[in-house]
Amino acid sequence: MRKAPDLSSRLVLVSGVRKVGTVNEGQTVYCITRVAFLPLSTPPDSELNLQQCKKHANHPLGAGGERKMGLPFSDLHQKVALSKTFGTIRSVTSSIKSATVNAAASAAGQGNKVRREARDKERYERRVLDELTKMFNDSDSFYYSMDADLTSSLQRQSDPEYDSKLPLWRRAEDVYFWNKHMLADLIAQEDPKFDVWIVPVIQGFVQTESVPLDVAPTTPDAPQDTQQQDKYCLTLISRRSRHRAGTRYKRRGVDEEGQVANYVETEQIVSYSHHRVAFVLVSISAGRDYCSFSSH
């Protein structure tokens with residue numbers, strides 16, 4: 001992800017999720033609870049507080065793997081010391097380079113301007129990162145699934161032209177593919193190897209619940225305890241358009257490309273056995289009123 005042309009690129013890492021539930025035959029949906037922005041040009045900041053992966057904790061190339069393979073702890077400490085040494089060298093090299101640039105700029109009478117621009121750039125980048133981190137970590141409004149197409153309504157998925165065999169991102173509804181811009185570089189490669197890395201994320205809300213359904217006894221004389229306890233699944237999905245998003249009081253109306261402000265599609269799905277029915281409600285911010293429309 002590149003926040004601005006003059007700022008460094010960063011890798012958006014989803015470091016925390018919460019399982020919401022399953023939809024459509026066991027397809028799991030997750031809510032993003034924590035993200036980290038890893039710099040690609042410099043070592044990660046220690047303030048990220050990344051937790052060790054439990055799955056790869058004992059990988060042969062990891063610290064736990066070295067102990068598991070019977071390697072002496074001295075080798076491990078030596079590697080840690082070397083890593084710190086290289087980090088120190090890198091830091092000193094960066095400091096020397098920065099000092100050289102500042103000295104040259106000062107000699108030309110532009111040292112203050114260069115330092116001021118560097119501080120402004122760093123302050124702006126930190127502000128953007130803080131806002132993005134807060135948006136992901138504090139809102140609980142970003143959801144994804146590795147199997148289910150959360151961007152498409154049940155009606156669209158039932159269309160004959162909808163190809164469920166395609167990779168998830170290739171059949172996603174563009175208007176609700178919230179992180180499409182972040183994945184633009186991978187999408188542009190047109191390489192099937194990248195399909196597993198391109199996972200659509202929606203902004204909105206997802207909840208699914210299993211609701212008990214009481215079935216009356218087949219005969220009036222049947223005892224009450226013989227009633228079957230059946231269940232149906234109730235799913236609620238809200239999808240917010242990635243175009244013209246903003247607060248209701250600052251983002252309104254339609255732009256030159258026909259994109260409506262705060263376009264949200266809310267779908268209610270009732271599933272019982274192999275039967276599924278859905279009801280869709282659409283809301284927008286238009287003019288001075290908050291409008292909503294519904295369709296089956």
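These are my notebook entries on a predicted model.

**Ground rules**

I number residues from 1 along each chain as its sequence is written. In this predicted model, local features need pLDDT of at least 70 and side-chain atom pairs pLDDT 80 or more, totals for chains, interfaces and linings use all residues, and side-chain values use heavy atoms, with hydrogens and water left out.

**Overall fold**

I looked up the secondary structure first. The protein has 5 helices and 8 strands. Helices (H or I, at least four residues) and strands (E, at least two) are DSSP runs, numbered from the N terminus. Along the sequence I read β-β-α-α-α-β-α-α-β-β-β-β-β.

Next I checked burial. Of the 296 residues, 29% are buried. Buried means under 20% relative accessible area, exposed over 50%, and partly exposed in between (1.4 Å probe, protein chains only).

I then looked at contacts, meaning heavy atoms within 4.5 Å. Among those between residues at least 6 apart in sequence, 51% join residues at least 24 apart.

I found Arg 239 in strand 5 (residues 229-240). Its relative accessible area is 1%, so I log Arg 239 as buried. What does its side chain reach? At 3.1 Å lies the backbone oxygen of Ser 152. The side chain of Arg 239 also makes a polar contact of 2.7 Å with the side chain of Glu 265. A polar contact is a pair of N or O atoms within 3.5 Å; within protein, one must be able to donate a hydrogen and the other to accept it, and residues adjacent in sequence count only if both atoms are side-chain atoms. Leaving aside neighbours within four places in sequence, the contacts of Arg 239 include Tyr 176, Ile 202, Tyr 263 and Glu 267.

I followed the link to Ser 152. Ser 152 sits in the loop between strand 3 (142-144) and helix 4 (154-157). Ser 152 is buried, at 2% relative accessible area. Its side chain joins that of Arg 156 in a polar contact of 2.4 Å. Beyond four places in sequence, Ser 152 touches residues including Tyr 162, Arg 171, Arg 239 and Glu 267.

**Largest pocket**

I read a volume of about 960 Å³ for the largest pocket. It has 27 lining residues, and Leu 11, Val 12, Leu 13, Leu 183 and Trp 197 are the closest to its centre. A pocket is an open set of points on a 1 Å grid over the protein atoms alone, where a 1.4 Å probe fits, with protein on both sides within 12 Å along at least five of seven lines; lining residues have an atom within 4 Å of a point. Which element gives the largest share of the lining? Strand 1 does, with 6 residues. I count 21 nonpolar, 3 polar and 3 charged residues in the lining. Ala, Val, Leu, Ile, Met, Phe, Trp, Tyr, Cys and Pro count as nonpolar, Asp, Glu, Lys and Arg as charged, and the others, Gly among them, as polar.

**Positive phi**

Glu 190 is not a glycine, yet its phi is positive, about 55 degrees. It lies in the loop between helix 5 (184-189) and strand 4 (201-214). Glu 190 is exposed, at 53%. Ser 273 also has a positive phi, near 60 degrees. Its loop runs between strand 6 (264-272) and strand 7 (275-286). Ser 273 is exposed, at 65%.

**Cysteines**

How many disulfides turn up? My search of the whole structure finds 0; the cut-off is a pair of cysteine sulfur atoms within 2.5 Å. Cys 31 is buried at 0%. Cys 233 is partly exposed at 22%.

Notes. Points joined across faces, edges and corners; volume = space filled by probe spheres on them.
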